Amino acid sequence: MIYIPKGKAREYGEYALNIYRGCSHGCKYCYAPAITHCSAENYLKALPRKGVLEAVKKEAQRYAGKNVFLCFTCDPYQPIEKEYRLTRSVLEIFFNNEVNVTILSKGGLRALADIDILEKNREKVLFGTTLTFIDSRSAEWEPNAASSIERIIS
């Protein structure tokens with residue numbers, strides 16, 4: 001499950017993990033459907049990756065002191081995280097095994113659900129968000145992502 005990113009993606013982290021398959025944010029410019037060979041329509045139907053928690057439990061110890069990026073082909077704080085809470089579970093496993101994380105999310109306030117463990121482990125966390133100010137139609141470009149204002153607030 002945890003893998004070595006290739007090419008330019010390597011600058012984000014030594015290792016990476018995609019917790020979900022797909023992303024419901026629906027960003028019009030998203031590269032992930034193409035690289036995962038999935039239609040944009042099906043990509044919106046995000047689901048947990050099969051066996052992700054079991055794999056992370058088995059693999060985490062090998063990555064102590066390393067940095068794992070969450071996530072390249074999904075958002076760890078997309079709307080379904082509220083239902084599955086996989087990101088929180090992954091973070092708990094990582095922190096218990098001294099694994100550092102870099103998180104990139106457009107989830108806005110949804111990420112605050114984990115603020116307690118992120119704050120407690122702040123020396124192991126880099127957290128970032130992208131801001132999209134295309135024009136007054138930003139919501140058309142990222143229809144299900146948190147607004148840029150919400151991302152700034154969180």
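**Entry 1: strands 5 and 6**

I looked up strand 5 (residues 100-104) and found that strand 5 pairs with strand 6 in the parallel sense over four bridges. Thr102 has Leu126 in strand 6 as its bridge partner. I noted the rule: two strands pair if DSSP finds at least two bridges between them. Helices (H or I, at least four residues) and strands (E, at least two) are DSSP runs, numbered from the N terminus.

I also noted that this is a predicted model, where local features need pLDDT of at least 70, side-chain atom pairs count only at pLDDT 80 or more, and totals for chains, interfaces and linings use all residues. Residues are numbered from 1 along each chain as its sequence is written, and side-chain values use heavy atoms, with hydrogens and water left out.

A reminder to myself: strands of a sheet pair through backbone hydrogen bonds, either parallel or antiparallel.

**Entry 2: helix 5**

Helix 5 is mostly covered, with eight of its 11 residues buried. Buried means under 20% relative accessible area, exposed over 50%, and partly exposed in between (1.4 Å probe, protein chains only). The buried residues of helix 5 include Leu86, Val90, Ile93 and Phe94.

Most residues other than glycine have a negative phi, and most peptide bonds are trans. With that in mind, I looked for exceptions. Glu98 is not a glycine, yet Glu98 has a positive phi of about 60 degrees. Glu98 sits in the loop between helix 5 and strand 5 and counts as partly exposed at 43% relative accessibility.

His37 also has a positive phi, near 55 degrees. I found His37 in the loop between helix 1 (32-35) and helix 2 (40-43). Is His37 buried or exposed? His37 counts as exposed, at 76% relative accessibility.

I then came to a cis peptide bond, which joins Leu70 and Cys71 with omega about 0 degrees. Cys71 lies in the loop between strand 4 and helix 4 (81-84).

**Entry 3: aromatic pairs**

Last, I looked at rings. Rings of Phe, Tyr and Trp (its six-membered ring) pair if their centres lie within 6.5 Å; planes under 30 degrees apart count as stacked, over 60 as edge-to-face and the rest as tilted. By this rule I got three aromatic pairs. One of them is Phe69 with Phe72, tilted, at 4.4 Å centre to centre and 35 degrees between the planes. Phe69 is buried at 2% relative accessibility, and Phe72 is buried at 14%.

Tyr77 and Phe127 form a tilted pair, with centres 6.4 Å apart and planes at 40 degrees. This pair links distant parts of the chain, 50 residues apart: Tyr77 is in the loop between strand 4 and helix 4, and Phe127 is in strand 6. Tyr77 is buried at 1%, whereas Phe127 is partly exposed at 41%.
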